[in-house]
Amino acid sequence: MRAKFLNNKLLVGVMFAALAVVPFVSDSKFLLSMLISIFILAVFGMSYDLLLGFTGIVSFGHAMFFGIGAYSVGILITKTKNPDMLYVGIGIAVVLAAVLALIIGALSLRVKDVYFSMITLAFAELLFIIAEKWSTLTGGNDGIPYIQVPEIFRDRTAFYYIGLAFLIVMYLFLRRVIDSPLGRTLQAIRENEQRVESLGYNVLQYKLVSLVIAGVVAAMAGGMWAILQRYVNTSVLGLDRTIDALLMTIIGGVGTLVGAILGAGVITFAHEWLSSLSTTNPIFERWLMIFGVIYIVIVMFFPKGIIGTIKDKWGARGNKEENIHGTQANQRGESVL
Amino acid sequence: MSLTLNLLLNGVALGMLIFLIAAGLSLIFGLMGVLNFAHGAIFIWGAYVGWATYGLTGSFILAILAGMVAGFIIGWVIERFFIRPFYDSHVAQILLTLGLMLVLTEGIKLIWGPNILGFDKPELLQGVVTILNDPFPVYRIFTIAVGALILIGVHLMLTKTKYGIIIRAGVQNPEMVQALGINVRRVFSLVFAFGAALAAFGGVISGPSFGSIFPELGMQNQLAAFIVIVIGGIGNFLGVAIGSLLVGVTQTFMAYYVPEAALAVNVALMALVLILKPEGLFGVRR
């Protein structure tokens, strides 16, 4: 029982409940905005965890979906000059993300797994360049400024609760996916692809579904991001955005879902803190480098991230299925510690 | 010289630069199954170390040597300390090398700053020559010549020397090579470091060719190299060479006629190859 402590529904419930009372305790606009951005990034990170942590595939183009969400909402609202087009924009983003995920998945999931990382990276770069060059639609390098937002999002506290609700709904949805037969099959693919295939499952289709779900959730997060920032530029599509998702999931804990939420919090607060330190020493301007080093240390020595490592310490036995290093070793029939 | 020939030569020169990165990447992948996402960062480290050495000494040859040594050392360290513990896990390798790419690129910004630096051509290679009554930069010719020399040299090394035979055998079946009493681990390390040195060499050569260097250049060229590898077929040396030339030439022509679509065409080319022949044009399905 104790090993399950951190994934315990109760604990996650307490976390969400604690977040729900924050506006009563503090009315700092800065803190609320920061927490909203953490909620949105956490959803983005969780969608990435579905791929990395639960399906065992490494995408380096996840920003594509986030960016599609942000641009769909931004473009639709500014072109129609109607803030309520937000909802249509998110609908369009979902469809676009699903179609894109299907195309890219069909192209790249058929070949070796490392190809997938490479090809997603190339497609993300392509999308980035399209957004940069197609300036009549996207505003090019200047991006889309002054996005009008619906009335309800102008109130910080209201937005805060919408953001929190968004996070909770997406968390429950992804949890539901992971605990469903589909999710179980995905985790089986992560553990031993050949075996799942020989059992008669169409592995490609399962991976495609995983990619589509992850893409759609990420696109919704992107849409929310556009509303929060009221501004969209090419940075939503860049490799840095994908690296954000990667850092969040790895630091928080791969294959735990909650880890992405924790990771989003850690990254956002630490980024803020390190940026404020940059006046004292220029090395803090390169905060990404500091994160890169932490990331490398975690991948090498704590492959389960914060959540997984705490869980191991807490419980007597580690949960070996949640080890990113285990995948290949398992396939070769070697034991994983 | 007609415009077509001019573009073609420029394309070949660009293709040779891409080839220098892609060759190491492909060899490493073919031999060890490791896709090194830090390869572009090594390329740009080579360029920066070369730039610094060139600035200090004024000697382009020393710049090339320093860049290659830097690349070799970075490659060796990456293989020894970051790849070797994780030969069993592709996921960990991909994640780690991407992290290294991040740290190495940020490291450049830390040392040399994030801005664009001008990289002048050495005096001897400045100016233009006349080909069929039209001027063509000497440096481009130099690039093509150097690229061709490396191509032939590595090809001969792979096919004629004992080391080359070991490497090719290792690509086919590393366990068997190990069983025959050859220390495959050491071959792995050497090939990794050699591939990295090749990329760094490409970095130093590219600097004056592009006229300037900046940290993100590494990632851009790495992407081109990835596309080349998918097109040419991974692990196939000549396939990579032909893929590089193909991508270099298409990119140059597109950059002239439809500049907006230059990268799009390469990605489209890659998508096409993936649909028709997923193992690459010259690859063998394994």
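B:Leu151 is found in helix 5 (residues 138-160) of chain B, where helices (H or I, at least four residues) and strands (E, at least two) are DSSP runs, numbered from the N terminus. This is a predicted model, in which local features need pLDDT of at least 70 and side-chain atom pairs count only at pLDDT 80 or more, while totals for chains, interfaces and linings use all residues. Residues are numbered from 1 along each chain as its sequence is written, and chains are lettered from A and ligands numbered from 1 in the order in which they are written.

Visitor: Why does B:Leu151 count as buried?

Guide: A residue is buried if 20 or more other C-beta atoms, placed from the backbone, lie within 10 Å of its own, exposed if 12 or fewer, and partly exposed in between. B:Leu151 has 20 C-beta neighbours inside 10 Å, and therefore it counts as buried.

Visitor: Which residues does B:Leu151 touch, not counting those up to four places away in sequence?

Guide: They are B:Phe19 and B:Ala241, where contact requires that the C-beta atoms of two residues, placed from the backbone, lie within 7 Å. B:Leu151 and B:Leu238 are 87 residues apart in sequence, and their C-alpha atoms are 8.5 Å apart in space.

Visitor: What makes chain B as compact as a globular protein of its length?

Guide: The secondary structure of chain B comes to 11 helices and four strands. The globule rule is 2.2 Å times the number of residues to the power 0.38, and the radius of gyration is taken over C-alpha atoms. For 286 residues the rule gives 19 Å, and chain B has a radius of gyration of 19 Å, so it is as compact as a globular protein of that length. Buried residues make up 53% of chain B.

Visitor: How does chain A, with 337 residues, compare with a compact globule?

Guide: A compact globule with 337 residues would have a radius of gyration near 20 Å, and chain A agrees, because its value is 20 Å. Chain A holds 15 helices and zero strands, and 48% of its residues count as buried.

Visitor: Why are helix 4 and helix 5 of chain A called oblique to each other?

Guide: Axes are lines fitted to C-alpha atoms, for helices over the stretch in contact, and angles run from 0 to 180 degrees between N-to-C directions. Angles under 35 degrees count as roughly parallel, over 145 as roughly antiparallel, 65 to 115 as roughly perpendicular and the rest as oblique. The axes of helix 4 and helix 5 of chain A come within 9 Å and cross at roughly 140 degrees, and the two helices are therefore oblique to each other.

Visitor: What makes helix 13 of chain A and helix 4 of chain B roughly antiparallel?

Guide: Their axes come within 9 Å and cross at roughly 155 degrees, and helix 13 of chain A and helix 4 of chain B are therefore roughly antiparallel to each other. Among the residues that meet here are A:Gly292 and A:Tyr295 from helix 13 of chain A, and B:Gly99 and B:Glu106 from helix 4 of chain B.

Visitor: How many residues of chain A are in contact with chain B?

Guide: In chain A, 39 residues are in contact with 33 residues of chain B. The largest share of the side of chain A that touches chain B, 13 residues, comes from helix 5 of chain A.
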